[in-house]
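Please open the structure in your viewer and keep the selection tool at hand. Each stop of this tour names what to select next and then describes what is there.

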Amino acid sequence: MIPIAFLLGVPLLAAVVLSVTQPAGTRFWLDIGAGLVVLAMAIGLIWAPAEGIPLLRHDRLGIFAAILVATASVASRPGGALVAKHLSLGGMLLAALSAHPLLTDAGLALAAAAALTPHLGAGWHRVPLAGAGLGLLLFGSILPPASLASGCALLGLATLAVAIPALLPVLPLLALRYAGPELVALGSVSVVACGVGLWLWPIQKTRLTWIAMGQAGVIGVAFGLASPDATFAGLVLAMLLVLSQAARAWAEGDGLAHLLSAAGLAGLPPFGVFPGLALGIAAVAKLAPWLLVALLPGIAAMGWASIRRLPAPRAVADDRWSAAWLPLAAAALIGWFMPDPVTAWLHALALELRG
């Protein structure tokens, strides 16, 4: 059988199995096991022979997107609507590996429907917003390639990010397909808007979402500049953002793990996304320094909004065995001590996209 077909089928099979009533312990291990299988298969695509499958892509960008989506799924906290979680994972993988815009839209529609369904009672207002995002993306996909098409597609992706933040691992990489001035403009506006939003409405419940979308805006700017160095910086920041969000989701209480994960997500040195953020700012300063007028105040506002709410440094009992240490350590490894083979592979991806 075809590895990509297996990869896309595992989350759907997991959703079917998890839809059957089972003991809580069994469901827990099925959820974890299915996620790890998807992640292992996504990484295995790096060495698998290229497959000429119609409508699907087996290139570095598709593989990288699949790895990132699978990592985000594995690193998410267990519990909740597991069937919806795996259906959403399957939809995001389909969007990541799609070689046709309509199939990408179909994958995102499946992921959006699965993510929204368990929360319709309190989040029904997100349904029309997600529908508008999918509609804009579809409209941009069927238009002839031009600034209008790119603008509509990017606005659709941005609207989906606002409506369903759970789709954030794959959306910036889909935006990479529309790299150019429109993506630079949208990323800059996102950073400024998130910085202003955090400054004016510092609501604890939505603060982490604002910060994550602001970091995604920096990724968009780096991708939009369309140079190998800037694209490499965006890829590194995308990885660190997924790991930093995972660390923040797993951190409990007000101990050291909570402190470091919150600081890392905000980009405070030297934690979390900071190395990727520094690479992105350096690339922008080299290629388009005038953009720093918008980016630096937005990034500073996100950082300050986090500093004001960081807990006092202290060790608590939950810290010793907190699962947050795993993504924190992975982010530190990738950000500061990235293995040479990984660096070479990412540089090859950046050159493939921009060379």
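**The nonpolar core**

The largest nonpolar core has 94 residues, and those with the most contacts inside it are Phe 64, Leu 108, Leu 171 and Leu 346. A nonpolar core is a set of buried Ala, Val, Leu, Ile, Met, Phe, Trp, Tyr and Cys residues joined through side-chain atoms within 4.5 Å. Buried means under 20% relative accessible area, exposed over 50%, and partly exposed in between (1.4 Å probe, protein chains only). Helix H12 (residues 228–250) supplies the largest share of this core, 11 residues. Helices (H or I, at least four residues) are DSSP runs, numbered from the N terminus.

This is a predicted model, in which local features need pLDDT of at least 70 and side-chain atom pairs count only at pLDDT 80 or more, while totals for chains, interfaces and linings use all residues. Residues are numbered from 1 along each chain as its sequence is written, and side-chain values use heavy atoms, with hydrogens and water left out.

Next, select Leu 346. Which residues is Leu 346 in contact with, leaving aside its neighbours within four places in sequence? They are Phe 64, Phe 232, Leu 235, Val 236, Met 239 and Met 338. Contact means heavy atoms within 4.5 Å.

**Salt bridges**

The count comes to 4 salt bridges. A salt bridge is a side-chain nitrogen of Lys or Arg within 4 Å of a carboxyl oxygen of Asp or Glu.

Select Asp 59 and Arg 57, whose side chains meet in a salt bridge at 2.8 Å, N to O. Asp 59 is partly exposed, at 23% relative accessible area, whereas Arg 57 is buried, at 18%.

Move on to Arg 60 and Glu 352, which form a salt bridge of 3.0 Å, N to O, between their side chains. This pair links distant parts of the chain: Arg 60 belongs to helix H3 (residues 60–75) and Glu 352 to helix H18 (residues 340–354), 292 residues apart. Arg 60 is partly exposed, with a relative accessible area of 30%, and Glu 352 is also partly exposed, at 41%.

Then select Lys 286 and Asp 229, where the side chains meet in a salt bridge of 3.6 Å, N to O. Lys 286 lies in helix H14 (residues 274–287) and Asp 229 in helix H12, so the pair ties together parts that are 57 residues apart in sequence. Lys 286 counts as exposed, at 63% relative accessibility, while Asp 229 is partly exposed, at 45%.

**Helix H7**

Select residues 126–142, which make up helix H7. Its 17 residues reach 24 Å from the first C-alpha to the last, close to the 24 Å expected at 1.5 Å a residue. The expected span of a helix is 1.5 Å times one less than its number of residues.

Which residues of H7 are buried? Colour Ala 130, Gly 133, Leu 134, Leu 137, Gly 140 and Ser 141 to display them. Seen down the axis of H7, these buried residues fall within an arc of 130°, so they line one face of the helix. The arc is that of the directions from the helix axis to the C-beta atoms. The face turned away from this buried side carries the exposed residues Pro 128 and Ile 142.

**Helix H17**

Select residues 325–336, helix H17. This helix has 12 residues and reaches 16 Å from its first C-alpha to its last, close to the 16 Å expected at 1.5 Å a residue. Pro 327, Leu 328, Ala 331 and Ile 334 are the buried residues of H17. They cover an arc of only 135° around the axis, which puts them on the same side of H17. They pack against H12 and helix H13 (256–266).

**Two loop residues**

Select Arg 77, in the loop between H3 and helix H4 (82–97). Arg 77 is partly exposed, at 36% relative accessibility. Not counting residues up to four places away in sequence, Arg 77 touches Ala 249, Trp 250 and Glu 252. The C-alpha atoms of Arg 77 and Ala 246 are separated by 8.1 Å, although these residues are 169 apart along the chain.

Finally, select Ser 227, in the loop between helix H11 (204–224) and H12. Is Ser 227 buried or exposed? At 12% relative accessibility, Ser 227 counts as buried. Leaving out residues up to four places away in sequence, Ser 227 touches Leu 287 and Arg 354.
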